[in-house]
Amino acid sequence: MSLTSRILFTPPTTIKLSPCLPPPSAFCPLKTPSLSSNSPHPSFLRFTHITKSPSSLFVRVFSSFNPTATPTPPTMGDAPDAGMDAVQRRLMFEDECILVDENDRVVGHDSKYNCHLWENILKGNALHRAFSVFLFNSKHELLLQQRSATKVTFPLVWTNTCCSHPLYRESELIDEDALGVRNAAQRKLFDELGIPAGDVPVDQFSSLGRILYKAPSDGKWGEHELDYLLFIVRDVSVNPNPDEVADVKYVNQDELKELLRKADAGEEGLKLSPWFRLVVDNFLFKWWDHVEKGTLEEAADMKAIHKLT
């Protein structure tokens with residue numbers, strides 16, 4: 001019996017499934033960089049991505065099946081994090097972050113999971129590129145979000161409009177004028193807040209600066225990011241994704257200062273993300289004045305990387 005016949009007629013009970021992901025090339029015809037060699041179970045199929053006809057199912061099986069390959073053991077073990085939300089778990093292994101050095105030079109890529117393990121951060125292996133969007137409406141109010149309770153890092157904290165990562169893909173690796181980061185910001189504003197791409201054109205983002213920081217979330221997770229700070233002034237429609245966002249609100253400067261007071265006093269259980277607090281304490285209010293004056297470009301300094309603690 002041929003290899004193809006053996007695959008087609010293998011009883012369903014003998015098929016080994018995995019919650020982890022194969023390389024992006026198994027699912028997408030676009031040219032994207034392949035996953036790193038230590039990505040979990042690269043040769044197994046993930047059914048949640050099967051959206052085509054049964055005949056295309058076998059094409060996907062064949063494209064990722066290697067009868068002589070030994071699967072690389074996943075760094076997470078066989079079945080840890082069983083309580084992790086399914087959406088967040090998928091993103092932890094599907095998303096490949098861009099690893100950089102402290103001068104923002106790309107040195108590789110790794111899964112979002114590995115990049116946020118505190119043990120990897122302490123080893124110095126997890127510094128990755130990120131961005132923080134600060135979106136203001138025409139009244140110069142800042143849109144804040146409260147992170148979902150299911151987020152792996154910093155659940156239910158309040159933070160700036162959107163905080164995430166450019167991924168290791170061609171469109172988000174473009175360094176010129178931080179275009180890759182701006183492309184990623186547009187993508188995540190839709191993913192998290194339902195803001196249409198047309199409401200936030202990439203050429204309307206102002207890249208004001210970069211910060212480098214490290215922060216623990218709990219005993220297992222944390223952040224070590226080289227974070228691009230992007231400002232944009234647009235009136236947008238907002239439709240938050242509950243898997244990502246628990247709540248949203250617009251605030252003016254006085255309302256944000258009251259929010260800071262409550263967080264410092266521990267009132268109402270209110271917490272702020274560490275990166276947001278660093279930006280607030282070092283830059284936000286003086287940059288907000290530029291927002292109101294329409295002089296944001298005067299505040300931009302993309303040459304420096306501010307190491308904040």
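Rings of Phe, Tyr and Trp (its six-membered ring) pair if their centres lie within 6.5 Å, and planes under 30 degrees apart count as stacked, over 60 as edge-to-face and the rest as tilted. The model is predicted, with local features needing pLDDT of at least 70 and side-chain atom pairs counting only at pLDDT 80 or more, while totals for chains, interfaces and linings use all residues. Residues are numbered from 1 along each chain as its sequence is written, and side-chain values use heavy atoms, with hydrogens and water left out.

Q: How many aromatic pairs does the structure hold?
A: The structure holds 11 aromatic pairs.

Q: Why is the pair of Tyr113 and Trp221 called edge-to-face?
A: The ring centres of Tyr113 and Trp221 are 5.2 Å apart, within the 6.5 Å limit, and their planes stand at 90°, which is over 60, so the pair is edge-to-face.

Q: Why do Tyr113 and Trp221 count as buried?
A: Buried means under 20% relative accessible area (exposed is over 50%, partly exposed in between, with a 1.4 Å probe and protein chains only); Tyr113 has 2% and Trp221 has 6%, so both are buried.

Q: Why is Phe154 called buried?
A: Its relative accessibility is 9%, which is under 20%, and therefore Phe154 counts as buried.
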